[in-house]
Amino acid sequence: KLLPCLMCGTFKDFIHELNFWMSSGGTRSVIHFDADHNIHCIIAGRKDFMMIHPDFAPVLNLTRVSLL
């Protein structure tokens, strides 16, 4: 069952896969490319995101092809 906030419009009709990540805090991840769109829900605390323009992918050796 989806949260009420995700039931708007046709959003629920397009969810094909779900990944759930949970931590007690203090975690980090390496730079990466997410192939799918993301929804982030934070219960308490904060999460910092660093967004990098796709033009810089070749410099970072970060491409869709190499990650699929």
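The chain exposes about 7,300 Å², and carbon and sulfur atoms supply 60% of that area; accessible areas here come from the Shrake-Rupley method with a 1.4 Å probe, and for residues only the protein chains shown count as cover. Please keep in mind that this is a predicted model, in which local features need pLDDT of at least 70 and side-chain atom pairs count only at pLDDT 80 or more, while totals for chains, interfaces and linings use all residues. Residues are numbered from 1 along each chain as its sequence is written, and side-chain values use heavy atoms, with hydrogens and water left out.

Of the 68 residues, 4% count as buried (buried means under 20% relative accessible area, exposed over 50%, and partly exposed in between, with a 1.4 Å probe and protein chains only). The secondary structure comes to two helices and zero strands; both kinds of element are DSSP runs numbered from the N terminus, with helices being H or I of at least four residues and strands E of at least two.

Let us look at the segment before α1 (57–60), where Ile52 is found. Ile52 has a relative accessible area of 36%, so it is partly exposed. Together with Ile31, Met50, Phe56, Val59 and Leu60, Ile52 makes a nonpolar surface patch of about 640 Å². Such patches take residues with over 30% relative accessible area and no salt bridge, joining like charges within 9 Å and nonpolar side chains (Val, Leu, Ile, Met, Phe, Trp, Tyr) within 5 Å.

Ile42 also lies in the segment before α1, and it counts as partly exposed because its relative accessibility is 43%. Its C-alpha is 9.7 Å from that of Met22, 20 residues away in sequence.

Now for the charges. The structure holds one salt bridge, meaning a side-chain nitrogen of Lys or Arg within 4 Å of a carboxyl oxygen of Asp or Glu. Arg46 and Asp48 form a salt bridge, with their closest N and O atoms 2.6 Å apart, and both residues are exposed.
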